[in-house]
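Subject: Structure handover

Hello,

Here is the structure I said I would pass on. Please open it next to this message; my notes follow below.

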Amino acid sequence: MTQGQVVMRFTLIAALAGLLLSHHSLAVADEAAVSVEATPVDLQTQSRWSLRLPPDAPVTYHGVASFDEAGMGTAGMLYPAPGVAGLLVGIFAHGVVMDVAKQKQKDRMQATADQVLEPYKPCLDKFTYRELLQKAIGRAKVGGEARLIEVDADAGGSTLVESVPVFRLTQDQKAIIVDNLVAIQLPGVGSDAAYRTSIRVISSPGQSTDPQAFWLANDGQRIKDESARLLAESFDIAFNEVAKVPATGSAPYRTVRYLEGTVEKIERAQVLAEQCERLLIRTLRGNLMSVPVARSAVDATVDSRCITEVGSR
Amino acid sequence: MNCRLSLALVTIAVVVSGCATKPQQPISLAQDAIGSKSGRVGVAMTTLPKLDTQIPGASCLVCLATATLANADLTTHAQTLPHDDLTSMKETVAKHLRAKGADALVIDEYIDLDALPSFDGGGENIAKKDFTAVGKKYNINRLLVIEMKALGFIRTYSAYIPTSDPKAYLNGNGYLVDMKTNAYDWYLPVVVTKSADGKWDEPPTFPGLTNAYFQAVEIAKDTLLKPIKGEGVPTATLGRAQSPSAIQ
């Protein structure tokens, strides 16, 4: 092998590595852009808070999807490569095509999972964020006096809370999940210093044999009410988290099993609190989750605080 | 010419048939094989594999080097993950065997399959490795083996290009070998792949994929324990657990 060939081969390998690593770097940069810094604030001293309305639109609901089987297989590829430049172009084109194909496959999987919501569409299409937040704000138990403010309004000296909730319905239609990205900003503090976190709340599995009829009764009042209750619980968790209740401490990470509808799920997490057959856990990402567990998994004492508003679910 | 052609065809046939080793098919666990009349049952694990990132499909040498480099952070992280939840499984299995009336013995040493001799009297549903020496050493009638072949993450490739996001990956078998005959009384292959919830590319600790790893371990444990507990064939509701042939 001549020196020129060696140089060319190293150049090719370096170019390939750079091409693939650039994918990686972009993803890392993207991830860094959405990562959040938890800045401790003392919400206990705040007696008023304002919840800013998002632009008015129907609340986002999806069906719970699994991407365990996503992937395009391991078929080989022969690159028509008239020279090194041609080979690089071929590999680049292959990468672009594959990225598009992978995303399309995930979109298809999500669209298939979303079919579970078809019967709910007439009801949920009319359910706006304004209606949801109005329902939820009155149900939050901590954080003091609350009010809704318009998307461009000032918080008027109160603590400002911004929220982006997204809901999902399990495929067995037994449970609703909210993923709420919350930002809590104290008065006089810049938005970049706000406390931000992601909170997931999963409803306890319903007992109805006809969950669709259950949720859609009275023009979908139950699915709306339960969504608002879950959102309010996520606000309570956020406020408590800011006030460090319960104390985060250094609980060991362990494998936790919980219910998502009738399906048992697993999460590696710190258990922060146990009450009413529910666990509050902190995931490896540092996010909080309030999850139901099977009756046998927690020796919960049923008291009046454990009775849900939806009652007979 | 005809002679050369025939010779070439025979050679190809021999090589191809030699490569096509029939994989062991699953065998249901007869509950009397682990009951009070089953004799002494040893419970052992094979030597655990190094946690790694599998990159099937990156078939050429440069593809393999590029894919290895691209996933180096993930592989480094994989090697920091614990597998205590798997190693404690022997005790759990023994507990369930004892609950069924079996005389269960937990074997502390890890069985190195590569160090075991091949079994001469091969046949259908006969273990390819000779476990009889283990039987004699521990004075057991049957040996329940938990074999982990691969552990960590998997990311499929087509030459240089990844065709999937990395996922947690576990590939193993559970089997029960009769020490008199070296025949399988039970054989269950388990392959689990579990995707991260949301984004996967979160170096250096990869929390989403780390969580998926622990999920995969639990799914594999559930899958292997269900027949032992007498709960029948698992309905892989927790994730994707299936026969190896179905994996992408």
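**A loop residue in chain B**

B:Asn182 sits in the loop that lies between β7 (167–178) and β8 (184–194) of chain B. Before going further, please keep in mind that this is a predicted model.

Is B:Asn182 buried or exposed? With 21 other C-beta atoms within 10 Å, B:Asn182 is buried, because the cut-off for a buried residue is 20 or more. Leaving aside neighbours within four places in sequence, B:Asn182 is in contact with B:Phe119, B:Ile126, B:Ala127, B:Asp130, B:Phe131, B:Thr132 and B:Val177. B:Arg142 is 40 residues away from B:Asn182 along the chain, and the C-alpha atoms of these two residues are separated by 9.0 Å.

**Chain B as a whole**

Chain B has 248 residues, and 43% of them count as buried. Its secondary structure consists of 7 helices and 9 strands. If contacts in chain B are taken between residues at least 6 apart in sequence, 70% of them join residues at least 24 apart.

**A helix pair in chain B**

Helix α5 (residues 89–99) and helix α7 (residues 207–229) of chain B have axes that come within 10 Å and cross at roughly 20 degrees. An angle under 35 degrees counts as roughly parallel, so α5(B) is roughly parallel to α7(B). The crossing of α5(B) past α7(B) is right-handed. On the α5(B) side the contact is made by B:Met89, B:Thr92, B:Val93, B:His96 and B:Leu97, and on the α7(B) side by B:Lys221, B:Leu225, B:Ile228 and B:Lys229. By class, the residues of this contact between α5(B) and α7(B) are 5 nonpolar, 2 polar and 2 charged.

**A helix pair in chain A**

In chain A, the axes of helix α4 (residues 129–137) and helix α5 (residues 211–242) come within 8 Å and cross at roughly 60 degrees. α4(A) and α5(A) are therefore oblique to each other. α4(A) passes α5(A) in a crossing that is right-handed. Which residues meet there, in α4(A) and in α5(A)? From α4(A) they are A:Leu132, A:Lys135 and A:Ala136, and from α5(A) they are A:Lys224, A:Asp225, A:Ser227, A:Ala228, A:Leu231 and A:Ala232. The contact of α4(A) with α5(A) divides into 5 nonpolar, 1 polar and 3 charged residues.

**Where the two chains touch**

Chain A gives 33 residues to the contact between the chains, and chain B gives 37 residues. On the side of chain A that touches chain B, the elements giving two or more residues are α1 (3–34), α2 (84–114) and β8 (263–275) of chain A. The largest share of that side, 9 residues, comes from α1(A). Sorted by class, the side of chain A that touches chain B has 17 nonpolar, 9 polar and 7 charged residues.

**Confidence in chain A**

The average pLDDT of chain A is 80, and 77% of the residues score at least 70. Within chain A, confidence is highest in strand β2 (residues 61–63), at 97, and lowest in α1(A), at a mean of 39. Please read the contact between the chains with that in mind, as α1(A) gives the largest share of the chain A side.

Two further stretches of chain A should be noted. Residues 297–302 of chain A have a pLDDT below 50, and the model gives this stretch 7 contacts beyond near neighbours in sequence. Over residues 307–313 of chain A the pLDDT stays under 50 as well, with 9 contacts beyond four places in sequence.

Regards

Methods
Residues numbered from 1 in each chain as written. Chains lettered and ligands numbered in written order. Predicted model: local features only at pLDDT ≥ 70, side-chain atom pairs only at ≥ 80, totals over all residues. Contact = placed C-beta atoms within 7 Å. Helix = DSSP H or I, 4+ residues; strand = E, 2+ residues; numbered from the N terminus. Nonpolar A, V, L, I, M, F, W, Y, C, P; charged D, E, K, R; others polar. Axes fitted to C-alpha atoms, helices over the stretch in contact; angles between N-to-C directions. Parallel < 35°, antiparallel > 145°, perpendicular 65-115°, else oblique. Left-handed = near helix turned anticlockwise from the far one by under 90°. Buried ≥ 20, exposed ≤ 12 C-beta atoms within 10 Å, placed from the backbone. pLDDT = per-residue confidence, 0-100.
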